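Good morning, and thank you for joining.

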Amino acid sequence: MTDQGTAADTRSAKTETGRKDERTGLLEREGKYLTFELARENYGLEILKVREIIGMMDITAVPQTPAFVKGLINLRGKVIPVVDLRLKFGLPVKEYTERTAIIVVEIRMASGPVQMGIVVDTVSEVMNIVGQDIESTPNFGARLKTDYILGMAKVKGRVIILLDIDRVLTDEELTLVSGA
Amino acid sequence: METEESKLKDRLDDLSLGLVMVDPDNLISLGELLEKIENLAQEIGELGSREAGLILTGLNKVLEGIILEQVRDKVAAIDLIGQGVSLLQDIERSLGAGAPFGGDLSGFLAGLKAEANVELTDSVTLAEPAKAPAERAEPSPPVPASQTPAEEPAADFSQDQEIFFSFITESLEHIESIEVNIVTLEQDPEDKNTINSVFRPFHTIKGVAGFLNLRQIHHLTHEVENLLDDARNERIKVTPALIDLVLDAVDLLKKMINDLRNSLDAGRPIPADYGETGLIERIHILQQGDEPKVEEPVLSWLAGKKIGDILVDQGLLTDDELEAVLQAQEDGRLRRLGEILVERGIISAAGLEEALRLQAEVKDKKLGEILVETGRAESAVISSALKDQENLRERKLGEILIRDKRTGAREVAEALREQKKAPEGVPAAAAHSVKIDTIKLDNLVDLVGELVIAQSLIASNEKIRSLKDQKVVRDLNGMARITSELQRTAMGMRMVPIRQTFQKMIRLVRDLSRKSGKQVELTMSGEETEIDRNMVEAIYDPLVHMIRNSVDHGLEPPELRAQKGKPPDGRIHLRAFHQGGNVVIEIEDDGQGLNMAKILAKAVERGLIGPDDHLSDAAVYNLIFLPGFSTAEKITDVSGRGVGMDVVKKTIDKLSGKVEINSRPDEGSIITIRLPLTLAIIDGIIVQVGQNRYILPTTAIHESFRPQPDDYHTVKGQGEMIKVRENLLPLIRLNEILGAETSVTDPTKALVVVLENENQRRCVMVDEVLGKQEVVIKNLGQVLKNVRTLAGSSILGDGRVGLILDVAGLFEVSDGFSGRSFSGRNESLDNDWGMGPT
């Protein structure tokens, strides 16, 4: 078939390897990501969900919340909750250094958009990741829940785990009623 | 006409879609496109639009040209087809809105000639410059005007959503005023002014809806407007049937507008058909000046076979049975619930006789209920049939049921007319006011709150204090005064009179009184009392529920009232006023009051209290606020399910309010709701525990002191108590409950604050009391809203976040806590979650 403008392209995307369906599926994941480090692994967040990045600041602890909910911070007059991703992912705890940062993201919850902060080891850079470099998440079976991973990107020899930050932060665990 | 139009619309959508996907080299896809155009041509022919026929002929020829390879530039030719389709959609839209097509075909025709060498011999009179194409985004050549079938193509939402949102807001306001005015109209059907005041909002909504191409809304309001126009020109009379009809139309309109809002918010598609045909037929019947015979509307809808379809779908009726039913109807028989049930074989004819006899004896029981009670029909069947009608807005069984007691409702209407009129129908015209986005308002209030804090930070700054300069002090005080004033004004902006909410009750009471067959008079006072804007919406549902309760369980039916020597109309009075920092709302009825014995019995039965417990009268009455409590013997669709009152209490608790009920047998009941005047700012006392600071609301604090060793007692070695004057009060160690480490563990070396909540008092142990501060309460947000010990958060003077403690939650948690070890950190809590490092 001959090429006939943009319409034809999207309809019959041809890649060299011919794995047409998978590729067009992950083309959706293409875009700009903010990458950061956590326990020497690299993660990426969709840039559109990132509101700002701030250095570590005093966090007021909140009682009766899971350990990974560190507490609340004052963000220019707005009080927002902060979650420690290391603890959320079950990674070993680490002391906060001067490189530790809080990424303020805006996620969609049932009640509307909510701003939250996540504590990460270091913030790396904003990357433009093309669809070709993204692969779907391997299935680890029942051991590891991976439905909050959008995909795995391979850039410059590193593997970046692309997170669906909405899923990560709107887990039921987060909104459970606090125990007695 | 309606269905044909929607079919047409579907075909046009289909055509657009086909156009997007067509491959000019693929004969098969071209062929499919051609087929679609030909089908369309047939249907358009039935509508008789000349321009449309012309366009289609052109499209046909172009397509043929492409297929036969007679066309130079295939891409341009496809674009041309796209243009044609857009024009067709415009035509379809105008037809739907009842207006002639005013578009310009010349461009299209020129294109036809240029690209495909097609010359159409029919001369077309060029109308005025096309408005239609300009309304949509300018079609740039490669993009045909296709829209996904899910959207209503008539209204373009991509342009300027703001217009739609303000339309929604304004329409809902109009609808509110319609509802109030129409009840006034019911009482005085001759009053021209009132008719006008109902007519005008419909007219306005119609106009804007037409402009925005909201076809369904436009159509409906247009019909109602015509009806009302006839009424105000005295061509027809305002009858109860007309009032009902308008109210039904209002309900449907509300639904349409809500669906519109959902579609804008969440992209949900708008239903193509609201079943408004039945409604519109009723309108036409009324317009012809016939007071429709009570049964007539039912018949005409039956003719539309909607009921039949439903019954068949429910599997309760086969097609043959349906035929039989319809045949019987044409014989002029009355379709009553009883007869239909007999036909369906659900009850026997004898059973029906008996039930009807019973009904005649006990007039206010519904036929359906009698049938259920005498075991002749399953309540599930009846309620499912009733529910279906409500959902589909069909007036069959339900309407018949109400009509069976038609006399009751008529008497109600007449009685209403005899009484004093309801308060001024038209809401006070907002002569000089502005509409402000509530988000902006809330922002402003937040900022003012922060200003107050910032201002007090400066005032308490050490360096400034040490200046000891008279002028500086004076100026700072001046600033403090102004800031206070500013704060009061900003808070004042958030207040709205409760009148709006009260007026919504007018229609509710009217509907309730008809449904229940009881006569109810609603009066109100204190509508100008202002409450916080955020509370207005929240308080609506509880009010509705409590009024329903009053009508359903409180007020007696007219005969019973007559026996008791009470006036035949039940009275419900809504009252609002300010009292000591609170807004008080009272709902008073003069019905039979609460039955203390029944409540006690039910409570014991449910295990809520022991059989020997002594409760004060007030405590007994307030038992009804517990979950699952209902002394109603039967469940109507209005109330009695036992899920209402506790939800009411929860809602009011959430607003930091209190609700209580009091009653006198046979005299009536009164429900009192107390709400804080303002939610946003509280006076707080800051306490310190270890490194953490917490805020306690001043209103909950009784006193604070350092206990003497003699005052400290233990119970069974576990429960700790402090003697406060003559009372022993339980001690709560904040560090344990809140997980805050502190080195101060000896109560005699710490400070004890006596807190009170709902008549309970506890001692709370803290390291220090730091001071008093006005704090702006910030919501905890979704993530933390379930932490019971916290009421909110705030920003303290030094910029750090302070947690505001919820006294009730504190007490609850500590009650659950007693018995746990007092070992400091709450490791137990972490383990309960089963997460975190193990």
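In which loop of chain A is the place of A:Pro63? A:Pro63 sits in the loop that links strand E3 (50–55) to strand E4 (69–75) of chain A, strands being DSSP runs of at least two residues, and helices (H or I) runs of at least four, numbered from the N terminus.

This is a predicted model, in which local features need pLDDT of at least 70 and side-chain atom pairs count only at pLDDT 80 or more, while totals for chains, interfaces and linings use all residues. Residues are numbered from 1 along each chain as its sequence is written, and chains are lettered from A and ligands numbered from 1 in the order in which they are written.

A:Pro63 counts as buried because it has 23 C-beta neighbours inside 10 Å; the term requires 20 or more other C-beta atoms within 10 Å, with C-beta atoms placed from the backbone. Beyond four places in sequence, A:Pro63 is in contact (C-beta atoms within 7 Å) with B:Ile737, B:Leu738, B:Gly739, B:Val787 and B:Thr789.

Next, the helices. In chain B, H21 (residues 438–459) and H23 (residues 470–493) pack at about 160 degrees with axes 9 Å apart, the axes being lines fitted to C-alpha atoms over the stretch in contact and angles running from 0 to 180 degrees between N-to-C directions. H21(B) and H23(B) are therefore roughly antiparallel, the term for angles over 145 degrees.

Finally, the largest nonpolar core has 78 residues, a core being buried Ala, Val, Leu, Ile, Met, Phe, Trp, Tyr and Cys residues joined through C-beta atoms within 7 Å. A:Ile118 and B:Val764 are among those with the most contacts inside it.

Definitions and conventions: Buried ≥ 20, exposed ≤ 12 C-beta atoms within 10 Å, placed from the backbone. Parallel < 35°, antiparallel > 145°, perpendicular 65-115°, else oblique. Contact = placed C-beta atoms within 7 Å.
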